[in-house]
Amino acid sequence: MEHSGMRVRAGRRTVVAAIAAGAVAVLAAPVAAWAQTAPLSPEEKANIQTISSFIDAWNAKDAAKVMSFFAADARFAVGDVGKTPAFKRPDFAGLIQGAQSIKMTITPGTTWARGPIVTHERVDDIVLGPKSKIAGKYVAVFALKEGKIVDFTDYILENDSSPEFR
């Protein structure tokens, strides 16, 4: 952050980390009454549908479609709640094509959206081989722009993955 007199400017990483931390806090506690009853804007409804279709593409093992949901400058990170994970360029095509099976299930009632941010709790079970899997419970935070995912962060709530993925 830069401090200039009374003005504070935060970089993109700081803003995304703050949004993600807030979203995780909302999902970790019971959903507030205002979040349940506030009507969704058309943008928020479209963003939720984009993320739902993104998860459907994973479950269909359609690597090209999964990758089509990302903006050209998209970033991905996975990490533990309370820690800021390192972002990298998302590249899931090899993982999806090599997986024996993929099952991602959004926990009913956990999807939340405000403006360009969509969050949900999800259970993943990705079988890569007889003794190799990526599995667990995650809180996902997505930032979208013009219908494309620009930031995707998975926070690990429970990790049932094989040792090489822990």
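Over the ring of which residue does the charged end of Arg75 sit? In this predicted model, that ring belongs to Phe87, and the charged end of Arg75 lies 4.0 Å from its centre.

The mean pLDDT is 85, and 78% of the residues reach 70 or more. Two stretches fall below 50. Over residues 1-9 the pLDDT stays under 50, and the model has eight contacts beyond four places in sequence for this segment. Residues 26-34 also have a pLDDT below 50, with eight contacts in the model beyond near neighbours in sequence.

Aromatic side chains were examined next. A search of the whole structure returned 11 aromatic pairs. Phe54 and Phe142 are both buried.

A further aromatic pair is that of Phe76 and Phe92, also described as edge-to-face, with 4.9 Å centre to centre and an angle of 80° between the planes. Here, too, distant parts of the chain are linked, as Phe76 is in strand β3 (residues 70-80) and Phe92 is in the loop between β3 and α5 (93-98), 16 residues apart. Both of these residues, Phe76 and Phe92, are buried.

His120 is placed in strand β6 (residues 117-129). With a relative accessible area of 0%, His120 falls under the 20% limit and is therefore classed as buried. The side chain of His120 is joined to that of Arg122 by a polar contact of 3.1 Å.

Tyr155 is located in strand β8 (residues 148-159). Its relative accessibility is 7%, so Tyr155 also counts as buried under the 20% limit. Between Tyr155 and Glu121 there are 34 residues of separation in sequence, while their C-alpha atoms are 9.3 Å apart in space.

Technical notes: Residues are numbered from 1 along each chain as its sequence is written. Side-chain values use heavy atoms; hydrogens and water are left out. Helices (H or I, at least four residues) and strands (E, at least two) are DSSP runs, numbered from the N terminus. Buried means under 20% relative accessible area, exposed over 50%, partly exposed in between (1.4 Å probe, protein chains only). A polar contact is a pair of N or O atoms within 3.5 Å; within protein, one must be able to donate a hydrogen and the other to accept it, and residues adjacent in sequence count only if both atoms are side-chain atoms. Rings of Phe, Tyr and Trp (its six-membered ring) pair if their centres lie within 6.5 Å; planes under 30 degrees apart count as stacked, over 60 as edge-to-face and the rest as tilted. A charge sits over a ring if NZ of Lys or CZ of Arg is within 6 Å of the ring centre and within 35 degrees of the ring normal. pLDDT is the predictor's confidence in each residue, from 0 to 100. Contact means heavy atoms within 4.5 Å.
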